[in-house]
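Please read it with the sequence and the coordinates at hand.

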Amino acid sequence: MSKADSTTQGKGHLEVIPLGGMGEIGKNMFAYRFGDEIMVVDGGLAFPDSLQPGVDLIVPRIDYLQQNAAMIKGWVLTHGHEDHIGGLPYILPRLPRVPVYGASLTLGLVREKLSEYGVKEVDTDLVEIRAGETVRIGEHFVVEFFRMTHSIPDNLGYILHTPVGQVIHTGDFKLDAHPTDGQPSDLERIQKAGDSGVLLLISDSTNAERQGTTTSEAEVAQNLDALIASCRGRVFVSTFASQVHRLQNIIKIAEKHGRRVVIEGRSMVKYSQIAESLGYMEFASPLLTSDEVGELQDSQILFLCTGSQGQPMSVLWRLALGMHAKIALKRGDSVILSSNPIPGNEEPVNLIINKLYEIGTDVFYPPNYKIHASGHASQEELLTVLRLARPKFFLPWHGEPRHQLNHARIAQTIPQPPRRTLVAKNGDVVRLTEDEFKVTGTVPAGALYVDGLGVGDVGDDIMMERIGMSQEGVLVVTALLGATPHVDIVSRGFVKSNRELEGQIRKVALEAIETGLREKKRNEDLRDDMYGAVRRFVRKATGRNPVLIPLLVD
């Protein structure tokens, strides 16, 4: 398919609008707008931290897309990780049905995810593409896909041909010279684009602070092979369920050493089944379930399981705490954590490691053992892409501000540095022409909290209330109005049962109510007076600030 019409070069402007993934790692989403057409890229999720109690998932706000829904002409998916496709079940049903382009494994995972959430495939338009193919989206966007290595197969970058020039988006990547599937990054295509002129480069910043190059998956496989070969009892390996290349390598290593493989954990089973059905994984012997290993010796078994990030109720978490219904760890077992904790997960991962030591298992984990490699490029690889693309403008993406800023500094060290680099935020409208690259406005952006069946009905105000309740407790003061007013108190997480304090709170509340009744105040004012009086007394008497709920019963 032809590139964007060269006669339109220099006419109009392109708007690049990050809706997620800027200044953070997670919930990646981009919108490109030219005139009255919008193209969307990815739709990921993020996981909650300790300041978001009760939240299951976090997805990007899509107010801007909903407000301009008629302009959306197509959707591009770069790869199948949760931070790029995990939000789609919540996002796609709220927007018009348009073509969604992705590679085979990516769409396989999307189909499974949509089915899980009750989204019918007939309500979507999933279109499979391959690296090297080109598609036109609307009148103004032509997307050319190229291969980039990452920690999951079918990972794609793309060149976006627009009326103002070429935009390269690397997607998540590392330049693995020895990838598991034997398909390295297509650097030749990036160089070719650089030779013809790249207006804007958008590049992965995750490891911009790390010197050198990222470890190859081949080296990780060699180290895992040596480690597993040294184990005598049962082996339990935990890694990211989406690390399809890693899973395949571990299965081959287990087969080499005469071990049958058991996969434990819903997400890991799902990923491996989809990958196998699409030809991305193969097994010499069928995988077993935990019920089918009874006749095997300990030295003939390897368990692949979820829980490398210390997730509550994951397989490794239940094993470490002795809560698994069918499997109990014992001395002589070996547990291998083939992963690094995601920032924020250090504490639960450390808890699991300590529990494993207490059981008496042999525990192996980075950095003591080189059994994990990041899926993201380090400084030398980032420099390689910058040198090949030679962009006029540069937009560091996929990282926290420190990663973006370090990536911006790296860009200034190449022989032909970008004319301008922007460190953008989610919601920024970045205006791009042949000679202009600047933020000209903002659109609504941020987080939608998924809590149970609710999407977006829990906001930051609710989060603050939950944090307050978790830190200071709850105090409910109920005033029964009538000829003889009466006050009841219920508290949770505030203080131990204390009759003297409760009596004092009742007295303060009752005095406020009786004074208000004498002055014939409205019920709303009575409630506010009681709230203020109790709040002041509790703070003075205890130094605490519980969530206070005043109730009136007339």
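This is a predicted model: local features need pLDDT of at least 70, side-chain atom pairs count only at pLDDT 80 or more; totals for chains, interfaces and linings use all residues.

Across the whole structure, a search finds 21 salt bridges.

**Salt bridges**

- E116, with a relative accessible area of 36%, is partly exposed.
- E209 forms a salt bridge with R402, in which the closest N and O atoms are 3.0 Å apart; here too distant parts of the chain are linked, as E209 sits in the loop between β12 (200-204) and α6 (217-230) while R402 is in helix α12 (residues 401-411), 193 residues apart.
- E209 counts as partly exposed at 38% relative accessibility, and R402 is likewise partly exposed, with a relative accessible area of 45%.
- The pairing of E209 and R402 belongs to a network of salt bridges that links E209, E400 and R402.
- K174 and D176 also meet through their side chains in a salt bridge, at 3.9 Å from N to O, a distance that is within the 4 Å limit used to define such a bridge.
- Are K174 and D176 buried or exposed? K174 counts as buried because its relative accessibility is 3%, and D176 counts as buried because its relative accessibility is 6%, both values being under the 20% cut-off.

**Backbone geometry**

- Most residues other than glycine have a negative phi, and most peptide bonds are trans.
- Against that background, K27 has a positive phi of about 40° although it is not a glycine, and K27 is found in the loop between β1 (14-20) and β2 (29-34).
- K27 is buried because its relative accessible area is 4%, which is under the 20% cut-off.
- M313 is another residue that is not a glycine and yet has a positive phi, in this case of about 75°.
- P366 and P367 are joined by a cis peptide bond, for which omega is about 0°, and P367 lies in the loop between β17 (362-364) and α11 (379-389).

**Surface patch and loops**

- M313, L321 and M323 make a nonpolar surface patch of about 270 Å².
- The place of M313 is in the loop between β15 (301-305) and α9 (315-320), so the residue with the positive phi of about 75° is also one of the three named members of this patch, and the 48% relative accessible area of M313 makes it partly exposed.
- A70 is found in the loop between α1 (63-67) and β5 (72-76), where A70 is exposed because its relative accessible area is 71%.
- The C-alpha atoms of A70 and Q309 are separated by 40 Å, the two residues being 239 residues apart along the chain.

**Strand hairpin**

- Strand β20 (residues 428-432) and strand β21 (residues 437-442) run antiparallel and are joined by 5 bridges.
- A hairpin of 4 residues connects β20 to β21, and the bridge partner of L432 in β21 is F437.

**Second largest pocket**

- The second largest pocket holds about 550 Å³ of space and is lined by 31 residues, among which P153, D154, D181, Q183 and Y280 lie nearest its centre.
- Which helix gives the most to the lining of the second largest pocket? Helix α7 (residues 244-256) does, with 3 residues.

How values were computed
Residues are numbered from 1 along each chain as its sequence is written. Side-chain values use heavy atoms; hydrogens and water are left out. Patches are made of residues with over 30% relative accessible area and no salt bridge: like charges are joined within 9 Å, nonpolar side chains (Val, Leu, Ile, Met, Phe, Trp, Tyr) within 5 Å. Accessible areas come from the Shrake-Rupley method with a 1.4 Å probe; for residues, only the protein chains shown count as cover. Helices (H or I, at least four residues) and strands (E, at least two) are DSSP runs, numbered from the N terminus. Buried means under 20% relative accessible area, exposed over 50%, partly exposed in between (1.4 Å probe, protein chains only). Two strands pair if DSSP finds at least two bridges between them. On a 1 Å grid over the protein atoms alone, a cavity is a set of points where a 1.4 Å probe fits but cannot get out, and a pocket is an open set with protein on both sides within 12 Å along at least five of seven lines; lining residues have an atom within 4 Å of a point. Grid points are joined across faces, edges and corners, and a volume is the space filled by probe spheres set on the points.
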